[in-house]
Structure formats: structure tokens, C-alpha cells
Amino acid sequence: MSINELFEILLENKPSTKLREKKEELFSLIPVLEECDGFDQHSKWHQYDVLEHIFHVVDNVDPTIELRLAALFHDTAKPETCDLDKEGRGH
């Protein structure tokens, strides 16, 4: 996947569909997203792993490249910075 292809996908009506289909290519382009795949947020407020959450956010922001890119990267640090409290909740 090239940057141009990513930008085209991000501007589609529901980019998550193609992002899921091309997940391995996406991970090659943006390796930090692979760490989000399957990462449990340990929160009752988040029913999805970090990557699925990111995909839902990308689908639901206005279709401008700036907002879609911000959505794509907004939680990429969670796997690295997540800390569990004594009740096992993620922060």
C-alpha cells in the first residue's frame, strides 16, 4: 500500500472495509497499527480492541484527509502506554 492509496481509502464512505481487507499492507506502511490489533483496552467503555476502535472512529469522522488521518493515529500509543489499575481497568 502506498501513501496515495491510503489517502484514497481514507476518503471513501466507509474506509474501514478496505483497511480491514488490506490490513497486512497497512501494517507494513504503519507498523504501530499492528500493535493495536487484538490489544484489549480493559475498559467497560471500549467493546473493541484498539484497532477496531480506530477503524470505527475513522468511519465516523467527517471525510477530510486531516480528520481521517487524525482518527487513524489517535490511539496508536495505547498498547505502549496502557496501565492496569488494581481492579484490572486499563488507563
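**Overall fold.** I counted seven helices and zero strands in the protein chain; helices (H or I, at least four residues) and strands (E, at least two) are DSSP runs numbered from the N terminus. The radius of gyration is 13 Å, close to the 12 Å that the globule rule gives for 91 residues, so the chain is as compact as a globular protein of that length. For my own record, that radius is taken over C-alpha atoms, and the rule is 2.2 Å times the number of residues to the power 0.38.

**Ground rules.** This is a predicted model, where local features need pLDDT of at least 70, side-chain atom pairs count only at pLDDT 80 or more, and totals for chains, interfaces and linings use all residues. Residues are numbered from 1 along each chain as its sequence is written, and side-chain values use heavy atoms, with hydrogens and water left out.

**Box and burial.** The C-alpha atoms fill a box of roughly 45 × 25 × 20 Å along the principal axes. I found that buried residues make up 31% of the 91 residues; buried means under 20% relative accessible area, exposed over 50%, and partly exposed in between (1.4 Å probe, protein chains only).

**The core.** Next I looked up the largest nonpolar core, and it has 17 residues. Such a core is a set of buried Ala, Val, Leu, Ile, Met, Phe, Trp, Tyr and Cys residues joined through side-chain atoms within 4.5 Å. Leu 19, Leu 33 and Leu 72 have the most contacts inside this core. At least two core residues come from each of α1 (3-10), α3 (23-29), α4 (32-36), α5 (50-60) and α6 (65-73), and the largest share, five residues, comes from α5.

**Leu 33.** What does Leu 33 touch, not counting residues up to four places away in sequence? I listed Leu 26, Phe 27, Leu 51, Ile 54, Leu 72 and Thr 76, with contact meaning heavy atoms within 4.5 Å.

Leu 6, Ile 9 and Leu 10 are buried in α1. They cover an arc of only 95° around the axis, which puts them on the same side of α1; the arc is that of the directions from the helix axis to the C-beta atoms. On the other side of α1, I found Asn 4 and Glu 8 exposed. The cover over the buried residues of α1 includes α2 (15-21), α3, α5 and α6.

**A histidine pair.** My last stop was His 53, in helix α5. Why does His 53 count as buried? Its relative accessibility is 18%. A polar contact of 3.1 Å joins the side chains of His 53 and His 74. A polar contact is a pair of N or O atoms within 3.5 Å; within protein, one must be able to donate a hydrogen and the other to accept it, and residues adjacent in sequence count only if both atoms are side-chain atoms.
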